[in-house]
Amino acid sequence: MNPLVLRPMVSGDIEAVMRIERRIYPYPWTQGNFSDALNSGYLCQVAELGGKMIGYVVIMPAVDEVQLLNLGIDAAYQGKGLGGALLEEAMAQARAQQMQRMLLEVRPSNIAALALYRKHGFREIGLRRGYYPADNGREDAMVMERIL
Ligand SMILES: CC(C)(COP(=O)(O)OP(=O)(O)OC[C@H]1O[C@@H](n2cnc3c(N)ncnc32)[C@H](O)[C@@H]1OP(=O)(O)O)[C@@H](O)C(=O)NCCC(=O)NCCS
């Protein structure tokens with residue numbers, strides 16, 4: 001049984017989401033990024049475990065494919081299979097809406113995320129040079145694809 005419960009993110013969640021976001025990313029999204037995502041109608045969901053928010057996912061639909069924009073699991077809950085469960089649930093929802101593939105960008109230095117995506121059937125299809133800010137200039141983004 002999957003213990004994770006997903007529910008739509010609402011604007012009142014953003015403060016709690018931001019607390020997690022700041023803990024888990026060296027370059028976190030801003031509050032504005034999350035409210036823009038909500039206002040744009042992106043699929044924004046929070047994941048709860050026993051009623052406690054432990055993660056979230058933000059997905060942008062585009063015709064027949066979706067872009068995974070943010071996937072986060074709170075630091076204390078990482079490495080327990082929850083990120084994988086959240087990703088699988090997001091893919092199942094996209095598939096149920098007849099979406100053909102999921103795309104994402106990830107930092108090559110983000111070893112945990114890369115391993116997670118590979119384990120869940122994503123493959124690398126390209127590189128965007130200097131896409132992300134980094135401590136010593138810019139970092140490339142790996143573009144990955146998963147056929148749904
Ligand atoms: C990436 C993230 C969502 C993964 O969530 P998680 O709950 O820790 O991942 P899971 O426990 O489901 O792990 C699934 C697989 O990912 C890989 N993985 C997870 N953490 C890892 C780590 N620290 N080092 C190497 N591989 C790791 C493994 O392949 C693992 O499979 P395994 O347990 O069979 O070895 C989580 O680490 C996170 O929130 N990181 C910060 C935010 C982020 O970088 N998001 C992705 C942006 S593109």
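1. In general, most residues other than glycine have a negative phi. The model is a predicted one, and the points below should be read with that in mind.

2. Overall make-up. The protein chain has four helices and seven strands. From the N terminus on, these elements run β-α-α-β-β-β-α-β-α-β-β. The radius of gyration is 15 Å, close to the 15 Å that the globule rule gives for 148 residues, so the chain is as compact as a globular protein of that length. Along its principal axes, the C-alpha trace spans about 40 × 35 × 30 Å.

3. Burial and contacts across the chain. Of the 148 residues in the protein chain, 24% are buried. Among contacts with a separation of 6 or more, 55% are between residues 24 or more positions apart.

4. Length of α3. This helix covers residues 82-96. Q98, the residue with positive phi from point 1, follows α3.

5. Which residues of α3 are buried? They are G83, L86, L87, A90, M91 and A94. Seen down the axis of α3, these buried residues fall within an arc of 135°, so they line one face of the helix.

6. What α3 packs against. The partners of its buried residues include the strands β2 (43-49), β3 (52-62) and β4. The buried residues of α3 also pack against β5 (101-106), α4 and β7 (137-147).

7. The ligand shell. How many residues surround the ligand? There are 20, and the closest are Q78, G83, G84, A112 and L116. One of these, G83, is also among the buried residues of α3. By type, the shell divides into eleven nonpolar, seven polar and two charged residues.

8. Where the shell comes from. β4 (65-73), α3 (82-96) and α4 (111-119) each supply at least two residues of the shell. The largest share, six residues, comes from α4.

9. L114 in α4. L114 is found in helix α4. With 17 C-beta neighbours inside 10 Å, L114 counts as partly exposed. The C-alpha atoms of L114 and M144 are separated by 9.3 Å, although the two residues are 30 residues apart along the chain.

10. The loop between α4 and β6 holds G121. This glycine is partly exposed, with 15 other C-beta atoms within 10 Å. G121 and L38 are 83 residues apart in sequence and 28 Å apart in space, C-alpha to C-alpha.

11. Y132 in β6. Strand β6 (residues 123-134) contains Y132. What does Y132 touch, not counting residues up to four places away in sequence? Its contacts are Y27, R107, R138, E139 and A141. For one of these pairs, Y132 and R107, the separation is 25 residues in sequence and 7.6 Å in space, C-alpha to C-alpha. Y132 counts as partly exposed, with 17 C-beta neighbours inside 10 Å.

12. V63, another positive phi. V63 has a positive phi of about 55° although it is not a glycine. Its place is in the loop between β3 and β4. V63 is exposed, because 7 other C-beta atoms lie within 10 Å.

Note on methods
Residues are numbered from 1 along each chain as its sequence is written. This is a predicted model: local features need pLDDT of at least 70, side-chain atom pairs count only at pLDDT 80 or more; totals for chains, interfaces and linings use all residues. A residue is near a molecule or strand if its C-beta atom, placed from the backbone, lies within 6 Å of it. Ala, Val, Leu, Ile, Met, Phe, Trp, Tyr, Cys and Pro count as nonpolar, Asp, Glu, Lys and Arg as charged, and the others, Gly among them, as polar. A residue is buried if 20 or more other C-beta atoms lie within 10 Å of its own, exposed if 12 or fewer, and partly exposed in between; C-beta atoms are placed from the backbone. The arc is that of the directions from the helix axis to the C-beta atoms. Two residues are in contact if their C-beta atoms, placed from the backbone, lie within 7 Å. The radius of gyration is taken over C-alpha atoms; the globule rule is 2.2 Å times the number of residues to the power 0.38.
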